[in-house]
Amino acid sequence: MKTFLEQVVLCLVCFTCATQSLPVSRDAVHTEYAILFDAGSSGTRLRIYQFLASGHSLQPSDVRELSSSPDKAEPGISDLADDPSRVEEYMTPLLESAKKTIPEDKQASTPIFLFATAGMRLVPQDQADAILNEVRKLFNDKDKCPFMFQDDNDARIITGKTEGIYAWVTINFLVGAYRSKGLTYGSLDLGGASQQNAWKFNSSHPDVVVVDFSGKKYKVFARSYLGFGQDQARERYLGVIAQKENCVKNSECVVKSPCHNKGFKESLKFDGQERVFEGTADVKNCRKIIREVFFCHSPNVLKCPFYDQPKLKGRFYGFSSFYYILTGIDAVCSDCENNKVTRRKVDLYSKSFCGKDYDDLEKNPYAKNHCFGGNFIYELLTEGYRLGPYKEIRVTNSLNGFKLGWTLGAVLKNTDIMKE
């Protein structure tokens, strides 16, 4: 029989073991939130992130992107250039959505950011400043915005290079590259008004910056091409072919478009004008025009900005319009995170898509753009980024449960969440 003292010791040991085995609520240990408004060319999107841990050991499983409704305001905030006083009306539904999503006791400590991209880069400086000043005024009003707005710099236009770096941070955080021995992924972001590429680059170059990420320093090449996003490029293409057929000044003229499917005949806008375009599906001529307009090789970086773009090396993720267009032409799977494409695959699928009659295409508002889009991506990979015919890039819209883009990287870089 155990003595009384032995029984007491045994009970204490059992109590200690049981206590150590009990699960500890992560919310009880650490929960933080952050709000970011992605003010793009077509709309402003609300992103809310919840962090269940902090410091250099932060992992994707410690982060949640919370859903809210509404989560988007349309059109882009740049459309308010003629009347900046409408900013409060425009932003209020998104702020109310954030208030409903974030616990009231956490709102005062939740940082809030608005970062505008290519759409606002195209707005005259005085008009852009007027819009941003209205945003700052709203965010500083605690009766209307209870969140932590620390600095006027937290509502600004970010450069294309910065956008590319944030996207690079997002990808490499989600794949855990910052915990590996230097193995990273590059990012290829094809937006509506611009496109960015960013990747680890150990050679010297004017576009290389040192990125401090989770206590480590990386040399990253980052470059943005304003006006080379999918929507802007297509509009520029329409203007070029209208000019070639002397249809710019003739409103009755029908423009033959080699980058549209046969059977397509619709009125389209470009440069503030509108003409009827008729598809001829001439892929060879389509690509020739795209090469001449966008990917010329003259050593003039103003006319031919891809002239000194370094050849892509390493592993890459392509997203945004890379994903939407390549799923539209069936080159990648819409439900897969592990899509891989090569230049050759894009070549085959873009030709196949353009060979279909327009009446046989799935009826959605974007199908009419995919013949141009597929060929634009092919020439971008071939002439712009100079990919070999069999070099693979991964194309997806999400990674480890997160929508791919630059916003998560922006939050990680503009808060102290990954600092000890």
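This is a predicted model: local features need pLDDT of at least 70, side-chain atom pairs count only at pLDDT 80 or more; totals for chains, interfaces and linings use all residues.

User: What makes up the chain in terms of helices and strands?

Analyst: The chain holds 13 helices and 18 strands. Helices (H or I, at least four residues) and strands (E, at least two) are DSSP runs, numbered from the N terminus. Along its principal axes, the C-alpha trace spans about 105 × 50 × 45 Å.

User: Why is L302 called exposed?

Analyst: A residue is buried under 20% relative accessible area, exposed over 50%, and partly exposed in between (1.4 Å probe, protein chains only). L302 has 80% relative accessibility, and therefore counts as exposed. L302 is found in the loop between α9 (283–294) and β14 (315–320). By the buried criterion, 50% of the 420 residues of the chain count as buried.

User: What makes V301, L302 and Y307 a nonpolar surface patch?

Analyst: Patches consist of residues with over 30% relative accessible area and no salt bridge; like charges are joined within 9 Å, and nonpolar side chains (Val, Leu, Ile, Met, Phe, Trp, Tyr) within 5 Å. A salt bridge is a side-chain nitrogen of Lys or Arg within 4 Å of a carboxyl oxygen of Asp or Glu. V301, L302 and Y307 form such a nonpolar patch of about 350 Å². Accessible areas come from the Shrake-Rupley method with a 1.4 Å probe; for residues, only the protein chains shown count as cover.

User: Are S214 and N400 buried or partly exposed?

Analyst: S214 has a relative accessible area of 14%, so S214 is buried. N400 has a relative accessible area of 46%, so N400 is partly exposed. S214 is found in the loop between β9 and β10, and N400 lies in the loop between β17 (398–399) and β18.

User: What is the phi of S214 and of N400?

Analyst: S214 has a positive phi of about 55° although S214 is not a glycine. N400, which is not a glycine either, has a positive phi of about 50°.

User: Why is helix α13 described as largely enclosed?

Analyst: Six of the eight residues of helix α13 (residues 407–414) are buried, so the helix is largely enclosed by the rest of the structure. The buried residues are T407, L408, G409, A410, V411 and L412. They pack against β1 (32–39), β2 (44–51), β3 (63–66), β5 (112–116), α7 (160–174) and β18 (402–403). Contact means heavy atoms within 4.5 Å.

User: How do you know that β9 and β10 are paired?

Analyst: Two strands pair if DSSP finds at least two bridges between them. Six bridges join β9 to strand β10 (residues 216–226), and the two run antiparallel. The bridge partner of V208 in β10 is F221.

User: What makes β9 and β15 edge strands?

Analyst: Seven strands form an open sheet in the order β9-β10-β8-β7-β14-β16-β15, with mixed pairing. In this sheet, β9 (208–213) and β15 (339–341) each pair on one side only, and are the edge strands. The twist averages 30° from one strand to the next.

User: How does helix α10 lie relative to β14?

Analyst: Helix α10 (residues 321–328) runs at about 80° to β14, and lies across β7 (185–190), β14, β15 and β16 (393–395). Axes are lines fitted to C-alpha atoms, for helices over the stretch in contact, and angles run from 0 to 180 degrees between N-to-C directions.

User: Which strands form the open sheet of three strands?

Analyst: The order is β11-β13-β12, with mixed pairing. The edge strands, β11 (254–257) and β12 (265–270), each pair on one side only. Six bridges join β12 to strand β13 (residues 273–279), and these two run antiparallel. S267 stands opposite V276 in β13.

Notes: Residues are numbered from 1 along each chain as its sequence is written. Side-chain values use heavy atoms; hydrogens and water are left out.
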